[in-house]
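The sequence and structure are shown first, and the points follow by topic.

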Amino acid sequence: MSTARPSFTELVDWLDGRLATEAAEDVASYVAVGDPATLESVEWILEFVSGAASMPLQQRPPELGLRLRGVFDQLHRPRQGRDWSDAALLHDTRSQVGVAGVRSLGDGGVHLAFDSELGRFVLDATASGVGEVDVQGLVMLPSGVGGLDLAFLERGDLRRAVRSTPDGRFDARGVPVGVDELWLTSGPTRVRALLDLRS
């Protein structure tokens with residue numbers, strides 16, 4: 001039996017019957033142990049699937065389909081087409097020094113500031129549950145940009161995706177603390193930032 005906690009994606013694949021036999025047995029064994037965070041994820045997935053099944057499918061507007069396809073391509077084929085640039089860490093409240101090092105805030109939260117091709121941005125991560133944080137932030141976008149897409153990834157797996165408001169504010173709830181990368185995209189401009197959300 002594997003002792004590693006299954007990722008959210010693995011749980012979805014397990015419940016959908018898409019895992020190979022050995023992998024499915026590992027996930028089932030881990031779920032049987034009763035880890036509260038894992039059981040909560042399983043319960044959420046089952047409720048989501050049940051809720052989705054109760055709603056009739058509607059034909060999406062063509063423009064929405066094109067936008068979703070664009071977001072999917074950005075998230076899953078980042079090296080194709082256009083280059084990505086890396087955001088530079090300017091400040092981390094856990095270290096009280098720029099660029100490197102870590103130190104926690106008194107409230108257990110993390111405050112990070114970055115500089116990037118899209119503009120400077122800040123984010124605050126505060127504990128919201130076992131192994132999760134709520135992340136709120138602001139990207140200081142140039143005028144006329146009108147918002148951007150943000151994706152939080154853990155070891156390459158998409159964990160959360162949100163759209164900022166037109167003024168660059170964003171709010172992502174229940175982000176796993178294991179998330180280690182943030183992607184920001186606005187039109188042809190694509191930026192990556194390494195994250196450490198652990199307090």
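Helices are taken here as DSSP runs of H or I with at least four residues, numbered from the N terminus. On that basis, H2 is followed by Gly34, whose phi is positive, near 90°. The model is predicted.

**Helix H2: extent**
- Helix H2 spans residues 21-33 and has 13 residues.
- From its first C-alpha to its last, H2 reaches 19 Å, close to the 18 Å expected at 1.5 Å a residue.

**Helix H2: buried and exposed sides**
- Ala24, Val27, Tyr30 and Val31 are the residues of H2 that are buried.
- Seen down the axis of H2, these buried residues fall within an arc of 125°, so they line one face of the helix.
- The face turned away from the buried side of H2 carries Thr21, Glu22, Ala32 and Val33, which are exposed.
- Packing partners of the buried residues of H2 are helix H1 (8-15) and H3.

**Nonpolar patch on the surface**
- Phe8, Trp44, Phe48 and Val49 form a nonpolar patch on the surface, and together they have about 410 Å² of accessible area.
- Helix H3 (residues 36-53) gives the most to this patch, with three residues.
- Trp44, one of the patch residues, lies in helix H3.
- Why does Trp44 count as partly exposed? Its relative accessibility is 47%, and partly exposed covers the range between buried, under 20%, and exposed, over 50%.

Methods: Residues numbered from 1 in each chain as written. Predicted model: local features only at pLDDT ≥ 70, side-chain atom pairs only at ≥ 80, totals over all residues. Heavy atoms only, no water. Patch = residues over 30% accessible without salt bridge, like charges linked within 9 Å, V, L, I, M, F, W, Y side chains within 5 Å. Areas by Shrake-Rupley, 256 points an atom, 1.4 Å probe, with all protein chains shown as cover. Salt bridge = Lys/Arg side-chain N within 4 Å of Asp/Glu carboxyl O. Helix = DSSP H or I, 4+ residues; strand = E, 2+ residues; numbered from the N terminus. Buried < 20%, exposed > 50% of the residue type's maximum accessible area, 1.4 Å probe, protein only. Expected span 1.5 Å × (residues − 1). Arc of directions from axis to C-beta. Contact = heavy atoms within 4.5 Å.
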